[in-house]
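Visitor: I would like to learn how to read a protein model. Please take me through one, feature by feature.

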Amino acid sequence: MPSRPLRQGQAEKRSAIMAAARELFVRDGVDRTSMDAVAARAGVSKRTVYDYYGDKRGLLLGVVVDAGESLVASLRTALDTHLSDEADIADTATLERALTEFAVEIGSSMLGSSDYATTVKLISENRTLLPELEQHPLSSAPEEALAERIAHFAETGLLDADDPRLASDHFNALTTLLAWNNWIPGEPARAEVRDVMTSGVHAFMRAYGAR
């Protein structure tokens with residue numbers, strides 16, 4: 001049975017709770033953040049926080065999932081922009097350019113994204129509190145979305161990828177993860193990201209581009 005849509009007041013309260021919890025969890029850590037502090041920052045009662053999220057672990061899961069969903073939506077938009085079935089990609093050189101622009105867009109937006117920073121920090125610090133993330137659709141959604149596009153270009157003969165999901169993991173390792181590991185927070189990222197993404201995509205195409 002589909003859930004009923006939230007009334008405006010409920011949606012506003014949830015949004016306020018989520019924003020408050022996210023700020024406090026990132027700034028102070030989950031252990032040092034009380035539900036009283038979240039309620040006070042959100043301007044709601046503690047009972048409201050418990051009614052909506054059950055406990056602090058449920059609230060943490062909500063924050064991580066909310067940030068992850070925003071990231072996946074951005075990635076899907078970038079895939080549609082640069083790598084859709086309708087894109088004018090007929091040879092490996094054009095595909096490499098399209099993959100590079102896709103990677104640059106994702107990398108630039110990621111390094112400036114509070115959603116990405118929030119997701120990485122909260123998951124890395126609280127993994128044992130969130131075992132359900134291992135089976136959550138978001139845990140593999142970015143890789144699966146890219147793998148679908150890699151499979152498409154393998155079918156058109158532009159990539160040689162027998163295992164599109166593995167190829168997706170390799171693409172991420174050569175681009176997004178490398179850019180994140182090399183980035184110094186607070187510093188301008190655009191030029192550095194383009195360099196990392198361009199060389200990463202080139203390495204990917206050397207490995208997977210159709211001969």
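**Reading a helical chain**

Guide: Start with Val64, a buried residue with a relative accessible area of 4%. Buried means under 20% relative accessible area, exposed over 50%, and partly exposed in between, with a 1.4 Å probe and protein chains only. The model is predicted, so local features need pLDDT of at least 70 and side-chain atom pairs count only at pLDDT 80 or more, while totals for chains, interfaces and linings use all residues. Residues are numbered from 1 along each chain as its sequence is written, and side-chain values use heavy atoms, with hydrogens and water left out.

Visitor: Where is Val64 found, and which residues does Val64 touch?

Guide: Contact means heavy atoms within 4.5 Å. Val64 is found in helix α4. Not counting residues up to four places away in sequence, Val64 touches Thr119, Leu122, Ile123, Leu130 and Leu133. Arg27 is 37 residues from Val64 in sequence, and their C-alpha atoms are 15 Å apart in space.

Visitor: How many helices and strands does the chain have?

Guide: Helices (H or I, at least four residues) and strands (E, at least two) are DSSP runs, numbered from the N terminus. Here there are 10 helices and 0 strands. Along the sequence the pattern reads α-α-α-α-α-α-α-α-α-α.

Visitor: What describes the chain as a whole?

Guide: One description is a box along the principal axes: the C-alpha atoms fill roughly 60 × 45 × 30 Å. Another is burial, and 42% of the 211 residues count as buried. A third is the separation of contacts along the sequence. Among contacts with a separation of 6 or more, 71% are between residues 24 or more positions apart.

Visitor: What are the accessible surface and the charges of the chain?

Guide: Accessible areas come from the Shrake-Rupley method with a 1.4 Å probe; for residues, only the protein chains shown count as cover. The accessible surface of this chain comes to about 11800 Å², and 52% of that belongs to carbon and sulfur atoms. For charges, Lys and Arg count as positive and Asp and Glu as negative, while His and the chain ends are not counted. The place of a charge is taken as NZ of Lys, CZ of Arg, CG of Asp or CD of Glu. The chain has 22 positive and 32 negative side chains, with the centres of the two sets 9 Å apart.

Visitor: What is the volume of the largest pocket, and which residues are closest to its centre?

Guide: On a 1 Å grid over the protein atoms alone, a pocket is an open set of points with protein on both sides within 12 Å along at least five of seven lines, and lining residues have an atom within 4 Å of a point. Grid points are joined across faces, edges and corners, and a volume is the space filled by probe spheres set on the points. The largest pocket has a volume of about 1100 Å³. Its lining has 39 residues, and the closest to the centre are Leu71, Tyr116, Thr119, Pro142 and Glu143. The largest share of the lining, 8 residues, comes from α4. Helices that each supply at least two lining residues include α5 (92–111) and α7 (141–155).

Visitor: Is Ala42 buried or exposed?

Guide: Ala42 counts as buried because its relative accessibility is 15%. Ala42 belongs to helix α2 (residues 35–42). Leaving aside neighbours within four places in sequence, Ala42 is in contact with Ala16, Ile17 and Ala20.

Visitor: Why does Pro131 count as exposed?

Guide: Pro131 counts as exposed because its relative accessibility is 53%. Pro131 lies in the loop between α6 and α7. Leu61 is 70 residues away along the chain, and the two C-alpha atoms are separated by 9.9 Å.

Visitor: Which residue is partly exposed?

Guide: Asp28 is one of them, with a relative accessible area of 23%. Asp28 is in helix α1 (residues 8–28).

Note on methods:
On a 1 Å grid over the protein atoms alone, a cavity is a set of points where a 1.4 Å probe fits but cannot get out, and a pocket is an open set with protein on both sides within 12 Å along at least five of seven lines; lining residues have an atom within 4 Å of a point.
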